[in-house]
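Please examine the model shown below together with its sequence.

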Amino acid sequence: MLRIGMLTSGGDCQALNAAMRGVFKTVENNTNEPVEFYGFEDGYKGLIYSKFRILKDEDFTNILTIGGTILGTSRVPFKTIREPDEDGVDKVAAMKQTYYKLQLDCLVMLGGNGSHKTANLLAEEGLNVITLPKTIDNDLWGTDMTFGFQSAVDIATRCIDEIHTTASSHGRVFIVEVMGHKVGWLPLNAGIAGGADIILIPEIPYDIKKIIDVIEERDKAGKRFSIIAVAEGAISKEDAKLSKKEYKKKLAKHEYPSVSYEIAEKIQEATGKEVRVTVPGHTQRGGMPCPYDRVFASRLGAEAGRLILKKEYGFMVGYKNREMVKVPLSEVAGKLKTIDPKAGIIKQAKMLGICFGD
Ligand code: F6P
């Protein structure tokens, strides 16, 4: 008997179900051994508090195109993982206890950055762990791509597309604030795809004067509107000089709901143009996975299934140079994949005339 536990952790994204289905189908189709799948509810919480259900074939039927996660998810921050909960429960010991009580052969974890730190810790504690890279942010180290990202790019791009007509009718400046946490992959790709005039990402701190210059030049050239794709983690040159602590303190005192509103106010003051902010927010994580993500997540799931059958544990299944690769969890945990400001995609975007505020 092969017993496999599965959980989805952290913020959800598209194609979580497609990836789990990929694992299930691959294992079921490629062994004669009886297999039991245990689905833990709401991420690591399910493993800590032993909240699970046995997953059957029907649970994986018709879920390829469905967004969200059939298991539910939650965030259990890594920095609190070694702290007992409010009832004094030792979370790491509890997770191990659930794993051993169910006699699991391995745990499959679908998660992003923080979740990988916990997965690595569990592997160090002796559990057999295989992970899959999920996040709309595409910021996981060790893989060129994460599932959820392309679907989110589609949604953020559509938002920028739709803003164009109203921006043009009113001759306004529009800021579309795009998710991505501390990195700029999502705003960069959606910005280029949506034809944004200015893209602001955390990896390239901006100078507000440069942004204003571009808007005024466009105005002089008779272009009535400007579109700015702003990463939720965008940062000005002055703020980038602050220490982490100082910057956090500044943000805590902030009267703006997010960086976009601060930028909007400064542009409006300097140019006299009407500026509006649109925040697609969590819609970027919602709805159906795009076909790319369905294929990609299914392939990742299949590869995870293959590793399970070969009893090769302690890896994240990643994607490098168009091939599936296995990356040791110890190499993934705690590292961010950021954009190199000198990368080809930035150079090409600049050649297209896109301003990054630098
Ligand atoms: O990591 C995915 C993500 O959507 C980020 O882009 C965003 O910063 C964050 O999660 C939002 O988190 P929450 O769903 O907890 O509001």
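The following paragraphs describe the domain arrangement, then the ligand shell, and finally the cysteines.

This is a predicted model, in which local features need pLDDT of at least 70 and side-chain atom pairs count only at pLDDT 80 or more, while totals for chains, interfaces and linings use all residues. Residues are numbered from 1 along each chain as its sequence is written, and side-chain values use heavy atoms, with hydrogens and water left out.

The protein chain is assigned domain 1 (2-148 + 289-332) and domain 2 (151-285), with bounds taken from an automatic or database domain assignment. Their centres, computed over C-alpha atoms, are 34 Å apart. To the contact between them (heavy atoms within 4.5 Å), domain 1 contributes 13 residues and domain 2 contributes twelve residues.

The table lists polar contacts, that is, pairs of N or O atoms within 3.5 Å.

| Side chain | Distance to a ligand oxygen atom |
|---|---|
| R75 | 2.9 Å |
| H282 | 3.0 Å |
| R285 | 2.8 Å |

On its own, the ligand has 400 Å² of accessible area, of which the protein covers 71%; such areas come from the Shrake-Rupley method with a 1.4 Å probe.

The whole structure contains zero disulfides, a disulfide being a pair of cysteine sulfur atoms within 2.5 Å. For C159, the nearest cysteine sulfur is that of C290, 17 Å away. C159 counts as buried because its relative accessibility is 14%, and C106 is likewise buried at 0%. Buried means under 20% relative accessible area, with a 1.4 Å probe and protein chains only.

Conventions
Polar contact = N/O pair within 3.5 Å; in protein donor to acceptor, adjacent residues only side chain to side chain. Buried < 20%, exposed > 50% of the residue type's maximum accessible area, 1.4 Å probe, protein only.
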